Amino acid sequence: MTEDAAVVDARGLRCPLPVIRLAAAARDAAPGARLTVLATDPAAEHDVPAWARMRGHVVVGSGYDQAAGTWSLTVEVRDRPPAA
Amino acid sequence: MTDPTPSPAPLTTADAPAAAPARAWLDASGAARVHPVARRAFEQALDDGWADPRRLSTEGRRARALLDAARESLAAAVGARTEEVHVGPSHTAALHAAVLGTAAGRRRVGTRAVASAVERAAVLHAGEHAGLDVVRVPVARTGAVDPDAFTAALDDVPTALAALQHANGEVGTLQPTDAVHAATTARGVPLLVDGGASIGHVDVGPAWDLLALDPRDWGSVPGAGLLVVRRGVRWRPVAPEDEDRWFPGGPSVPAAFAAAASLEAVLADRAEADRRRRALVDRVRARVAAEVPDVEVVGDPDARLPHVVTFSCLYVDGEALVTELDRAGFAVGSGSACTSSSLEPSHVLAAMGVLTHGNVRLGLDRDVTAEDVDRFLAVLPGAVARVRAMLGAQAL
């Protein structure tokens with residue numbers, strides 16, 4: 001988790017809801033802002049980087065808290081690509 | 001005296017089934033519709049080969065003759081000797097036997113196996129079950145393994161067994177089995193090639209030491225899986241003593257005979273089936289990418305199986321999408337977590353670094369029509385939009 005990142009708490013939510021919550025936060029964020037999503041669904045570990053790649057954002061950090069069973073992934077929001 | 005348990009309904013009925021809505025079977029990978037030749041061969045073998053092929057009676061010998069003919073035909077189809085073909089009960093059992101038997105036979109060489117990260121779970125799990133340290137070689141975004149990375153893993157520690165599928169059945173990407181087999185041969189390591197998604201659709205070639213085949217994938221009846229083992233591969237039975245050392249109890253003769261007959265039939269018109277389905281997959285790839293927002297069509301666009309296509313939709317629950325499409329008359333597969341029995345997402349999609357949610361996998365049967373595919377493409381964008389609306393995932 002990065003210090004200056006806003007947190008999107010998606011713990012307990014099933015895929016694809018963590019990515020949906022993160023995307024909603026990214027839509028309203030300024031370019032350059034950082035968002036950290038917390039998730040317990042194991043798909044988030046793969047799907048957050050894949051989402052970032054498809055939407056042109058950048059994953060700047062990730063980690064797994066074994067005791068809590070929680071993934072945290074931090075993305076830096078880039079200019080939103082035009083809606084498909 | 002009354003029986004408290006209700007009697008079960010009979011398994012068969014003479015009543016005509018109620019008229020069902022038109023359905024398109026677009027989930028043929030590992031479960032193709034039964035080919036007419038397979039059905040006829042199966043029925044013939046039930047008439048002529050129902051007996052136990054191990055018995056010395058006329059009936060037993062007749063069953064033995066059918067089984068021998070089936071093995072001879074299967075051997076010819078893959079370029080092997082008849083005695084190298086073993087018939088087991090399923091594709092999974094064949095993969096398990098290959099890994100467990102080789103691991104036992106080469107125990108003294110090492111306890112490490114090298115496999116692509118996108119091998120079938122049956123291969124990876126069998127390796128772990130055998131107590132092997134299974135090194136999973138990463139794959140590119142297309143799903144293809146890098147032969148140099150695979151080779152480097154072989155050189156690390158003495159290796160008991162290497163495993164590489166001929167093509168990935170989940171995304172269709174072909175693997176570099178020629179280059180990897182050259183590397184394993186040079187090091188004296190047996191290579192298990194999972195040809196389960198390939199045989200009957202593309203040529204598998206001679207680059208393997210053990211080859212597993214799935215008759216269900218080319219349209220045979222359930223009840224057989226094949227393992228072809230080159231002479232000279234060191235292995236040891238892991239089950240108690242039996243006349244059939246690879247698959248104790250021996251095969252279903254009718255299922256083996258149907259597998260052989262239907263493989264001959266599908267190989268005879270493979271070129272035409274390839275041309276037709278390859279063009280349909282090209283159409284799916286192009287139109288899905290153009291007509292569904294926020295979608296990624298995955299797998300190699302060119303070096304691929306002719307009949308498999310997979311894509312993932314952002315912000316979509318795979319289970320809901322499969323259900324929505326099923327209701328509209330289309331059976332499709334999915335690698336998304338919520339659609340499988342495990343809660344883990346597809347290890348194949350994860351290893352490729354593509355979305356694991358919102359995944360749809362099509363396996364086009366040999367008799368799929370262009371109309372089926374066009375109808376599917378027409379309903380897909382609406383189905384995706386409805387699932388996204390249910391999740392409140394609009395304008396993201």
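Modeller: In this model, which is predicted, chain B carries 40 positive and 50 negative side chains. The centres of these two sets lie 2 Å apart. In chain A there are 9 positive and 10 negative charges, and their mean positions are 7 Å apart.

The overall form of chain B comes next. It contains 11 helices and 12 strands. Its radius of gyration is 22 Å, close to the 21 Å that the globule rule gives for 396 residues, so chain B is as compact as a globular protein of that length. Its C-alpha atoms fill a box of roughly 65 × 65 × 55 Å along the principal axes. Of its 396 residues, 55% count as buried. The accessible surface of chain B comes to about 17000 Å², and carbon and sulfur atoms account for 54% of this area. Among contacts in chain B between residues at least 6 apart in sequence, 70% join residues at least 24 apart.

Chain B also meets chain A. At this interface, 25 residues of chain B are in contact with 20 residues of chain A. The area buried between the two chains is about 1900 Å², with 63% given by carbon and sulfur atoms. On the side of chain B, Tyr315(B), His357(B) and Leu396(B) supply 28% of the area that this chain buries against chain A, more than any other three residues.

Ala395(B) is exposed, with a relative accessible area of 63%.

The partner, chain A, can be described in the same manner. It has 2 helices and 4 strands, and from the N terminus on its elements run β-α-β-α-β-β. A compact globule of 84 residues would have a radius of gyration near 12 Å, and chain A has 12 Å, which agrees. Its C-alpha atoms fill a box of roughly 40 × 25 × 15 Å along the principal axes. Buried residues make up 43% of the 84 residues in chain A.

Pro16(A) lies in the loop between β1 (6-10) and α1 (17-27), and the peptide bond from Cys15(A) to Pro16(A) is cis, with omega near 5 degrees. Asp41(A) belongs to the loop between β2 (34-39) and α2 (44-55). With a relative accessible area of 10%, Asp41(A) is buried. Leaving aside residues up to four places away in sequence, Asp41(A) touches Leu13(A), Arg14(A), Cys15(A) and Trp71(A). The C-alpha atoms of Asp41(A) and Arg21(A), 20 residues apart along the chain, are separated by 13 Å.

Methods. Residues numbered from 1 in each chain as written. Chains lettered and ligands numbered in written order. Predicted model: local features only at pLDDT ≥ 70, side-chain atom pairs only at ≥ 80, totals over all residues. Heavy atoms only, no water. Rg over C-alpha atoms; globule rule 2.2 N^0.38 Å. Buried < 20%, exposed > 50% of the residue type's maximum accessible area, 1.4 Å probe, protein only. Lys, Arg positive; Asp, Glu negative; His and termini not counted. Charge placed at Lys NZ, Arg CZ, Asp CG, Glu CD. Contact = heavy atoms within 4.5 Å. Buried area = accessible area lost by both parts, 1.4 Å probe. Areas by Shrake-Rupley, 256 points an atom, 1.4 Å probe, with all protein chains shown as cover.
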